[in-house]
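Biologist: Please take a close look at one single part of this model, and describe it together with what lies on either side of it.

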Amino acid sequence: MALASLPGKLQDYLSLPGLNTIELDVKDENGRVGFVPSAVPLARSTGAAGRFYKAKRAARLVHAHGVYLIGRIVTFEDPVLSEQRPELAIHTTDGSLWHNDAGLGWTNPYDRRVWRYNVDLAAAAAKAGFDEIQFDYVRFPSDGDLSLIRYPGPRPHPMAWTIPAFVQYAAKRLHPLGVRVSVDVFGLSATRDLGIGQLPRRISGHVDAVYPMVYPSHFNSGEYNLADPDAVPGQTVTRSLLDFQTALEGRGARLTPWLQDFSLGRTYTLDDVRAQIAAARALHTHGFLLWNAEGLYDAPALLPPA
C-alpha cells in the first residue's frame, strides 16, 4: 500500500510487459488498512485506516489496463487491532498481550469478532471493484514463545478446523459479492502438518485458489532430500508443488504459487526466477505470482518463454 501511495507508481507496474495480475494490500502485516472504508467503523476507530490509495480509483486504473486485481488481507497478525482492542487479542499466561519474535501482536483466530472485521474489510474491497480477496497469515502463530499463548474466550473448533471454518465463513459472505476468495499458505503446509491450523486440503474445499509460498530460500537443508534447496530453486518448487497437487486433488481450487524474486542468503538472478517459473509451468499451475518486499522485480520474467 505504501508503494501504491507514490504518484505514478501503480501506473509504472501496470506498464510492465507481460503483467496480467497485480496484488494490492487491503490490510498489511502492521494492521494498517490501505484506504478508509466507510462501512468498517472499527478500522477508523482503531486508527488502522489510512489514505494510501482510493480503492475505487485504483480498481478502475488496474482494470483499464486489462489487469486482474487481487486484494491482500493479512488476517490474524494485526498489531493495531490487538493493541487497540485487547479483548480480541492473543494473551500470555500473565494476562498481557502476546507478541511474536518481531514484537507484533496477534488477534485471536477463534474470535468471531476478528473474523467479522477482516471479512468486512474484504467486502469493502470487493464492492470497490477488487476481483479477488487473498487472505494471508490465515493461520495460528508460528514464531515467538508459543508456550506462553493463552486464547481468551470459547474455542468452538479445534485449531485444525478453525482456519477452514474461517475460510468457509469468508467465502459465504464474499462470493455473493462476485469476488473470488483465496488463501496464502506456507510452502511446507501440504508436505506435513505445521501445527498452525493451515491444512490445504481442508481449506481448499471453500476457496477458489490456494497460493503456496514456495520460496526456495525458506526451506531448510535436507528438505525433500535436497542438500541445499535454495541452490536448486526449480527442484525445490517442483517438490513442494507436487505435494500441493496431491492435497488439492478433486477440490477444484486453483493452484498458483508465490515465487521468489528477492535475495536472501545468496543473490538471486533472473535465471533463478525463471527456473521457478519453468517448474510451475511444467506442472500446469494456474500461473504464478512474484514476491519482492521492496517491490523490485525482474520484469523479463513476466514474458512468456521464447
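How many bridges join S3 to strand S4 (residues 180-186)?

Modeller: S3 is joined to S4 by 4 bridges, and the two strands run parallel; strands here are DSSP runs of E with at least two residues and helices are runs of H or I with at least four, both numbered from the N terminus. This is a predicted model, in which local features need pLDDT of at least 70 and side-chain atom pairs count only at pLDDT 80 or more, while totals for chains, interfaces and linings use all residues. Residues are numbered from 1 along each chain as its sequence is written, and side-chain values use heavy atoms, with hydrogens and water left out.

S3 also pairs with S2, again in the parallel sense, over 5 bridges, where two strands count as paired if DSSP finds at least two bridges between them. Ile 133 takes part in both pairings, being the bridge partner of Gly 71 and standing opposite Val 181 in S4.

Because 5 of the 5 residues of S3 (residues 132-136) are buried, the strand is largely enclosed by the rest of the structure; buried means under 20% relative accessible area, exposed over 50% and partly exposed in between, with a 1.4 Å probe and protein chains only. Ile 133 and Phe 135 point one way from S3, whereas Glu 132, Gln 134 and Asp 136 point the other way, and all are buried.

Finally, S3, helix H6 (residues 159-174) and S4 make a right-handed β-α-β unit: with the strands pointing away from the viewer, the path from the first strand over the helix to the second runs clockwise.
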